[in-house]
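Work through the exercises below with the sequence and the model open. Each task is followed by a solution in steps.

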Amino acid sequence: MNIFDLVAWKKANVTDKYHYWQEQNADRMLWKTGTLAPGLLAFYGLMEPLDRRWHILGLGYDSSVDDRLIESAAVVHFNGNMKPWHKLAISKYKHLWEQYINLSDPIIKDCIMH
């Protein structure tokens, strides 16, 4: 979960730093794939953690997250392998995702693995 101060982003020249690291890895010798590594490098020293109560993690791997924390959170995060759209989802959390999805949409039907 990220919240960006775009004025600070511009002042710190984050876009150029990100592009620099992407170019450094053009041969894929620093990291194989993805955008996490250059993002971490570009934002190094510029990030602050969010209050844990604001952003609830673990809904894709931890079946014991306190319901009160989930109810009070601004953001719930299905990090982990048991995403709510997968067969192996943690069933008690599926409603948190499904309430926002039009399950009758043909495109959504093709994407969801029940």
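**Exercise 1.** Which residues form one aromatic cluster?

*Solution.* The model is predicted. The cluster consists of F4, W9 and F43.

Step 1. Start with the total: searching the whole structure gives five aromatic pairs. One of them joins F4 to W9, with ring centres 5.0 Å apart and planes at 75°. Because planes over 60 degrees apart count as edge-to-face, the F4–W9 pair is given that label.

Step 2. F4 also pairs with F43, at 5.5 Å centre to centre and 35° between the planes. This angle makes the F4–F43 pair tilted, because stacked rings need planes under 30 degrees apart and edge-to-face rings over 60.

Step 3. Locate the partners in the chain. F4 sits in the segment before α1, while F43 is in the loop between α3 (36–42) and β1 (55–56). The two residues are 39 apart, and their pair links distant parts of the chain.

**Exercise 2.** How many salt bridges does the structure hold, and how exposed are the residues that form them?

*Solution.* Step 1. There are two salt bridges. Side chains of opposite charge can pair when their charged atoms come close.

Step 1. In one bridge D51 meets R53, and the closest N and O atoms are 2.6 Å apart. D51 is partly exposed at 39% relative accessible area, whereas R53 is exposed at 58%.

Step 2. In the other, R68 and D66 meet at 2.7 Å, N to O. R68 is exposed, with a relative accessible area of 62%, and D66 is partly exposed at 27%.

**Exercise 3.** Which residues make the nonpolar surface patch of about 360 Å²?

*Solution.* Step 1. The patch is made by M1, I3, L50 and W54.

Step 1. Check M1, which lies in the segment before α1 (6–12). Its relative accessibility is 40%, so M1 counts as partly exposed.

How values were computed:
Residues are numbered from 1 along each chain as its sequence is written. This is a predicted model: local features need pLDDT of at least 70, side-chain atom pairs count only at pLDDT 80 or more; totals for chains, interfaces and linings use all residues. Side-chain values use heavy atoms; hydrogens and water are left out. Patches are made of residues with over 30% relative accessible area and no salt bridge: like charges are joined within 9 Å, nonpolar side chains (Val, Leu, Ile, Met, Phe, Trp, Tyr) within 5 Å. Accessible areas come from the Shrake-Rupley method with a 1.4 Å probe; for residues, only the protein chains shown count as cover. A salt bridge is a side-chain nitrogen of Lys or Arg within 4 Å of a carboxyl oxygen of Asp or Glu. Helices (H or I, at least four residues) and strands (E, at least two) are DSSP runs, numbered from the N terminus. Buried means under 20% relative accessible area, exposed over 50%, partly exposed in between (1.4 Å probe, protein chains only). Rings of Phe, Tyr and Trp (its six-membered ring) pair if their centres lie within 6.5 Å; planes under 30 degrees apart count as stacked, over 60 as edge-to-face and the rest as tilted.
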